[in-house]
Amino acid sequence: MRQASVWFFAVAASMLVAACSAMQPLPDAASMDSPSAPDKIVVIPEFPTPGKRYVVERDGEQEVWLVKDNQGTLEFLDQSSQQLKFSIKLGPCFSFEVMRRPGGVGTHDFGAMGKPAYHTAPPDCRVWDGRTWTQTYAVQMPRLSQPCYYGAQRKAKIEGPPGDRLVTSDSWVVVTGPGVRGGSEQSAHRIVYSEKLQFFKELSPGYIGRRAIILRELE
């Protein structure tokens, strides 16, 4: 693990130069020193189960999230009227592909550049305690002629017994360049996946609000 940690921070330092410019993204990388016991590895499903409904508290207000299809479309519904408020689209491994702001103001389409934001797990959908991965992903900004390249550093923490484990993935994202206010921005994101729910337990990926907590599944 020590060698993996040195690798992680060496790559992380290089990610800080990611910019909104005509550049080639750095290659993605994930630590592969997996534990010897297979039961210590959590395999994240590619997409959540269609038809599932969850009661969610988002920024202090409750609503219902519906898994609309088998391609990761999540619909945010008003709890009382069941009317659609807005939707987002997940990528594989519970990543994020299309993030729309509530009210339809602004959209981050990670998938349009061919690489969703792998917050929850790397593209092989496997995580274990201490696993790290880095990613450079591009988002085309309407006001810029070139896409923004986001440099992300990620690390997973596993807690709980098999069948009821929580996977907490912390991400640190840095973007710099001419389209960024002040020349540089940094943000931290936390995604918690529940093995029992087979869904998120908590998430703060940006755009949809400061924080969402999944309270329970609706039968």
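Mentor: Let us begin with one residue. Y193 is buried, with a relative accessible area of 0%.

Trainee: Why is Y193 called buried?

Mentor: Buried means under 20% relative accessible area, exposed over 50%, and partly exposed in between, using a 1.4 Å probe and protein chains only. Y193 has 0%, so the residue counts as buried.

Trainee: On what kind of model does this rest?

Mentor: This is a predicted model, in which local features need pLDDT of at least 70 and side-chain atom pairs count only at pLDDT 80 or more, while totals for chains, interfaces and linings use all residues. Residues are numbered from 1 along each chain as its sequence is written, and side-chain values use heavy atoms, with hydrogens and water left out.

Trainee: What makes the pair of F94 and F199 edge-to-face?

Mentor: Rings of Phe, Tyr and Trp (its six-membered ring) pair if their centres lie within 6.5 Å; planes under 30 degrees apart count as stacked, over 60 as edge-to-face and the rest as tilted. The ring centres of F94 and F199 are 6.3 Å apart and the planes stand at 75 degrees, so the pair is edge-to-face. This pair links distant parts of the chain, 105 residues apart: F94 is in the loop between strand 6 and strand 7, and F199 is in strand 14 (residues 199-203). Strands are DSSP runs of E with at least two residues, numbered from the N terminus.

Trainee: How do you know that F94 and F199 are buried?

Mentor: F94 has 0% relative accessibility, so F94 counts as buried. F199 likewise has 0% and therefore counts as buried. Both belong to one aromatic cluster, together with Y54, F96, Y193 and F200.

Trainee: Why does V139 count as buried?

Mentor: The relative accessibility of V139 is 1%, so V139 counts as buried. This residue lies in strand 10 (residues 132-139). Leaving aside residues up to four places away in sequence, V139 touches H108, D109, F110, M113, P147, C148 and Y150, where contact means heavy atoms within 4.5 Å.

Trainee: Over which residues does pLDDT stay under 50?

Mentor: That is the case over residues 1-19. pLDDT is the predictor's confidence in each residue, from 0 to 100. Where pLDDT is low, the predicted coordinates should not be read in detail. The mean for the protein chain is 85.

Conventions. Helix = DSSP H or I, 4+ residues; strand = E, 2+ residues; numbered from the N terminus.
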